[in-house]
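Reader: I would like a close look at one part of this protein. Please take me through it step by step, then place it in its surroundings.

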Amino acid sequence: MSDDVLSVIPTDPWWQPEASQAERARGLVTTLVPWNPDSIEPEVSLTWHESVALVDCGANLERITCPRCENEVDTDWWRALLDDRYEDGFNDLSAVLPCCGRQSSLADLHYDWPCGFARFEIEIWNPGRSWLTEGELAAIAAEIGHPVRQVMAHI
Ligand SMILES: [Zn+2]
């Protein structure tokens with residue numbers, strides 16, 4: 001049994017909304033994932049993380065590329081670095097990339113499918129639909145008070 005989880009996260013990994021902003025965003029998100037009785041009922045949850053957390057796309061991660069030189073980033077290198085940084089709650093996301101020796105934030109690497117880092121997430125379990133549109137993301141951003149992006153995980 002596997003689940004699809006669509007996460008909406010602030011573009012800034014450290015940013016967190018007030019509870020009232022988050023609840024307004026949840027109300028809106030709930031209207032974007034109407035329950036089709038033939039499928040599992042979607043469930044929308046809010047999570048505030050104490051420190052920055054990896055918001056992973058699970059089995060959907062195919063490749064990572066460098067935002068500077070556009071070469072592929074070794075995923076084994078990436079996973080080992082994440083293991084290292086996990087203990088510190090990803091307090092430091094900066095990395096010197098193996099492809100070109102240049103510096104980047106891990107949050108700025110190009111993940112295919114998208115992954116992110118966040119201290120807050122809106123998780124939609126079994127959304128029963130595909131990606132949110134740019135317009136829907138903009139509407140959620142307006143409720144929450146910060147630009148957002150999305151991660152689709154298959155776990
Ligand atoms: Zn590079």
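What arrangement do the four donor atoms around the zinc ion make, and why?

Author: The arrangement is tetrahedral, because the four donor atoms around the zinc ion subtend angles of 103 to 116 degrees. Four donors count as tetrahedral if all angles lie between 85 and 135 degrees. For four tetrahedral donors, the ideal angle at a metal is 109.5 degrees. Keep in mind that this is a predicted model.

Now the donors themselves. The protein donors are the SG atoms of Cys66, Cys69, Cys99 and Cys100. They lie 2.3 to 2.4 Å from the zinc ion. Along the chain, the donors follow the spacing C-x2-C-x29-C-C. The pair Cys66 and Cys99 links distant parts of the chain, 33 residues apart. Cys66 sits in the loop between β3 (63–65) and α2 (75–86). Cys99 sits in the loop between β4 (94–96) and β5 (103–105).

How covered are these two cysteines? Cys66 counts as buried, because its relative accessibility is 0%. Cys99 has a relative accessible area of 28%, so it is partly exposed. The cut-offs behind those words are under 20% for buried and over 50% for exposed, with partly exposed in between.

Next, the surroundings. The domain assignment gives domain 2 as 61–111. Domain 1 is given in two stretches, 10–49 and 118–155. The centres of the two domains, taken over C-alpha atoms, are separated by 25 Å.

Helix α2 also takes part in an aromatic pair. A search of the whole structure finds five such pairs. One of them is Trp78 with Tyr111: the ring centres are 5.5 Å apart and the planes stand at 55 degrees, so the pair is tilted. This pair, too, links distant parts of the chain. Trp78 is in helix α2, and Tyr111 is in strand β6 (residues 110–112), 33 residues apart. Both Trp78 and Tyr111 are buried.

Another ring pair joins Trp113 and Trp131. Their centres are 5.6 Å apart and their planes are at 55 degrees, so this pair is tilted. Trp113 lies in the loop between β6 and β7 (116–125), while Trp131 lies in the loop between β7 and α3 (134–144). The two are 18 residues apart. Trp113 counts as partly exposed because its relative accessibility is 29%. Trp131 is at 31%, so it also counts as partly exposed. Elsewhere, ring pairs link Tyr86, Phe90 and Phe117 into a cluster.

Strand β7 leads on to the sheet. Four strands form an open sheet in the order β2-β7-β1-β8, with antiparallel pairing. The edge strands, β2 (43–55) and β8 (148–154), each pair on one side only. From one strand to the next, the twist averages 25 degrees.

Look at β1 (residues 4–10). Four bridges pair β1 with β7 in the antiparallel sense. Seven bridges join β1 to β8, and these strands also run antiparallel. Leu6 stands opposite Ile124 in β7. Val8 faces both ways: it stands opposite Ile122 in β7 and opposite Gln150 in β8. Strand β1 is mostly covered, with six of its seven residues buried.

Back to the site you asked about.

Terms used:
Residues numbered from 1 in each chain as written. Predicted model: local features only at pLDDT ≥ 70, side-chain atom pairs only at ≥ 80, totals over all residues. Heavy atoms only, no water. Donors = N, O, S within 2.8 Å, 3.2 Å for Na, K, Ca; no water. Tetrahedral: all angles 85-135°; square planar, octahedral: opposite > 155°, others 65-115°. Buried < 20%, exposed > 50% of the residue type's maximum accessible area, 1.4 Å probe, protein only. Domains from an automatic or database assignment. Phe/Tyr/Trp six-rings, centres within 6.5 Å; stacked < 30°, edge-to-face > 60°. Pairing = 2+ DSSP bridges. Axes fitted to C-alpha atoms, helices over the stretch in contact; angles between N-to-C directions.
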